[in-house]
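The following note sets out some points on the fold and the ligand surroundings of this entry. Please read it with the sequence and the model at hand.

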Amino acid sequence: MNQKTAVPVYASPRHVNGPEECTFYHSIELPGLGLQKGSWDLRRDVDTYIGRLPVAGKTVLDVGTGSGFLCFEMEKRGANMIAFDFDASLGENQHDIVPMHDFEERFGASREVFWAQLSSGLDRMKNSFWLTHRLLGSKARVFYGDVYDCKADFGPVDVVFMGNILLHLQSPVQALANFAPYAREAIVITENCAEKVDYKSDAAACYLVPNAERRDLASWFATWWQLTPGFLKRYLRVLGFKSFEVTFHDAHWADPPTPMPQFTVVARR
Ligand SMILES: C[S@@+](CC[C@H](N)C(=O)[O-])C[C@H]1O[C@@H](n2cnc3c(N)ncnc32)[C@H](O)[C@@H]1O
């Protein structure tokens, strides 16, 4: 098993002047600046999205924090937060782009040009995190690393939270094996219920999303899997988790404010 012995080098806070330098993934109300609109508006959804886990006094590792809305909400609820996201120095390996054979024709840009645009968008998302961090006076520590190979010793972590990240990873099982050892008490995983899949069955199913026959979202460059609770439970048992709670709920897209069905697995040691 991956030993967590490396001394973590936390990211130094970036000074971000204002929202014009940011792309918000999550809608958030910022002191003095008002509501910043993101792609998702989870303001009504926080408790269900984190599986109603009481986080006060817990150290939580938020894997794939994005604009950090959930990280800051958990901090507001009394958690000591460590936010994890990709390390830009990993280059193209920082995000797992689906290697469609006809990439340029399909996405209207060569992989290189597409990648350059994507990485500048991702950097603006990191700016949104840092602007919010400063304006809320957050104490969250931030670590940028490799989702498949994080060796940092963060000290005791009670809860690992993974919100809608596994569907974007080429190898969700590798990322789970990497982060599960951090969780002393529980791992909380929220994923969306995208298509006609039986999420309520206990079958350990995981569906491949990329489909070269299609041109719609099913062939998007950044979504790999539709995971199911049964799949996650089976693998989390392998990793040493013993009890599971599965809940179904909605998370809201910002514009238009559409409810999008989700499930959350809370797995305990
Ligand atoms: C869909 S957002 C989810 C944000 C937030 N956790 C939530 O639940 O709303 C996915 C997050 O995972 C990160 N991510 C996606 N693919 C990644 C990869 N291959 N390596 C590291 N991070 C990745 C993104 O940078 C982003 O912060």
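1. Strands S10 and S11 run antiparallel and are joined by 10 bridges. Strands here are DSSP runs of E with at least two residues, helices are runs of H or I with at least four, and both are numbered from the N terminus; two strands pair if DSSP finds at least two bridges between them. Within this pair, Ser243 stands opposite Arg268 in S11.

2. The model is predicted: local features need pLDDT of at least 70 and side-chain atom pairs count only at pLDDT 80 or more, while totals for chains, interfaces and linings use all residues. Residues are numbered from 1 along each chain as its sequence is written.

3. Strand S11 (residues 259-268) also pairs with strand S7 (residues 183-192), in the antiparallel sense and over seven bridges. Here Glu191 has Phe263 in S11 as its bridge partner.

4. A parallel pair is formed by strand S3 (residues 59-63) and strand S6 (residues 157-163), with four bridges between them. Leu61 stands opposite Val160 in S6.

5. These pairs belong to an open sheet of seven strands with mixed pairing, in the order S5-S4-S3-S6-S7-S11-S10. Strand S5 (141-145) and strand S10 (243-252) stand at the edges with a single partner strand each, so one side of each has no neighbour in the sheet. From one strand to the next the twist averages 20°, with axes fitted as lines to C-alpha atoms and angles running from 0 to 180 degrees between N-to-C directions.

6. The protein as a whole has six helices and 11 strands. Its radius of gyration is 18 Å, which agrees with the value near 18 Å for a compact globule of 269 residues; the radius is taken over C-alpha atoms, and the globule rule is 2.2 Å times the number of residues to the power 0.38. Along the principal axes, the C-alpha atoms fill a box of roughly 50 × 45 × 40 Å.

7. Which residues are closest to the ligand? Of the 18 residues that surround the ligand, the closest are Gly64, Gly66, Phe86, Val147 and Gly163; a residue is near if its C-beta atom, placed from the backbone, lies within 6 Å. The shell divides into eight nonpolar, eight polar and two charged residues, where Ala, Val, Leu, Ile, Met, Phe, Trp, Tyr, Cys and Pro count as nonpolar, Asp, Glu, Lys and Arg as charged, and the others, Gly among them, as polar.
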